[in-house]
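Let's take a friendly walk through this protein, from its overall layout down to a few ring contacts. Please keep the viewer open as you read.

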Amino acid sequence: MKLKTGALLLCGCTCALVVDPSPAKAIELSGGVSVGGIQIGADPKLAVSPFAGLLWRREREFLLEVHHMFSILPGERVGAYDRTAVALVYAWKTGKVSLGPSLSVYWMPVCGIAICTRVVGVAPGAHAQTDWYLSEVLGASVSANLDWVGGSSRVLRDNLVAMVTAGPVWRFSGESR
């Protein structure tokens, strides 16, 4: 599973170099911890989600970002939801909006109407996020993800997982040569 996530990250970085090989003006690292909900099966669950993003800043407003979020689903039966996204970003001085494909690896308890079980798998999906910076380094982030979990399951009848989280974000920039 981690090999697939690493391969997706490497592919995203390679695509960034192929799409626009000009040197980056700066590299921006952002991170934080979000809290929100994940809807899978008939039961919504709380998600505590540390995240990190790597953004290549250029002269233009459209940028490329690799974003990684690891969600812990606390409770009686703990679960985990690990997602990596490669997103196209529109950025301005005090914020950014990103949208792109994602790949998630999950291991979590799910309850349907009549049955509870643990599901494990890999799911493709879509990722959207917006960050608003209140100062040079501190801001707020809202993230949404929709994944398609294929296969047949008596618990996951609609085959969709939706997650929305919000929390603080910190960013650090560095000049590149």
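Predicted model: local features only at pLDDT ≥ 70, side-chain atom pairs only at ≥ 80, totals over all residues.

Residues are numbered from 1 along each chain as its sequence is written, and side-chain values use heavy atoms, leaving out hydrogens and water.

**Overall picture**

The protein has one helix and eight strands, where helices (H or I, at least four residues) and strands (E, at least two) are DSSP runs numbered from the N terminus. Along the sequence, the pattern reads α-β-β-β-β-β-β-β-β. Of the 177 residues, 44% are buried, meaning under 20% relative accessible area, with exposed over 50% and partly exposed in between (1.4 Å probe, protein chains only). The protein exposes about 9500 Å², and carbon and sulfur atoms supply 70% of that area; accessible areas come from the Shrake-Rupley method with a 1.4 Å probe. Take the contacts (heavy atoms within 4.5 Å) between residues at least 6 apart in sequence: 57% of them join residues at least 24 apart.

**Strands β3 and β4**

Strand β3 (residues 62–73) runs antiparallel to β4, and twelve bridges join them; two strands pair if DSSP finds at least two bridges between them. Across this pair, His68 stands opposite Thr84 in β4. The hairpin of β3 and β4 has five residues between the strands, and Gly75 there takes a positive phi near 140 degrees.

**Aromatic side chains**

Rings of Phe, Tyr and Trp (its six-membered ring) pair if their centres lie within 6.5 Å; planes under 30 degrees apart count as stacked, over 60 as edge-to-face and the rest as tilted. By this rule there are three aromatic pairs. One of them joins Tyr81 and Tyr106, which are stacked at 6.0 Å centre to centre with 20 degrees between the planes. Tyr81 lies in strand β4 (residues 79–92) and Tyr106 in strand β5 (residues 95–111), so this pair ties together parts that are 25 residues apart in sequence. Tyr81 is buried at 2% relative accessible area, and Tyr106 is buried too, at 7%. Elsewhere, Tyr90, Trp92 and Trp132 form one aromatic cluster.

A charge sits over a ring if NZ of Lys or CZ of Arg is within 6 Å of the ring centre and within 35 degrees of the ring normal.

| Charged residue | Ring | Distance to ring centre |
|---|---|---|
| Arg118 | Trp107 | 4.1 Å |
| Arg171 | Tyr133 | 3.7 Å |
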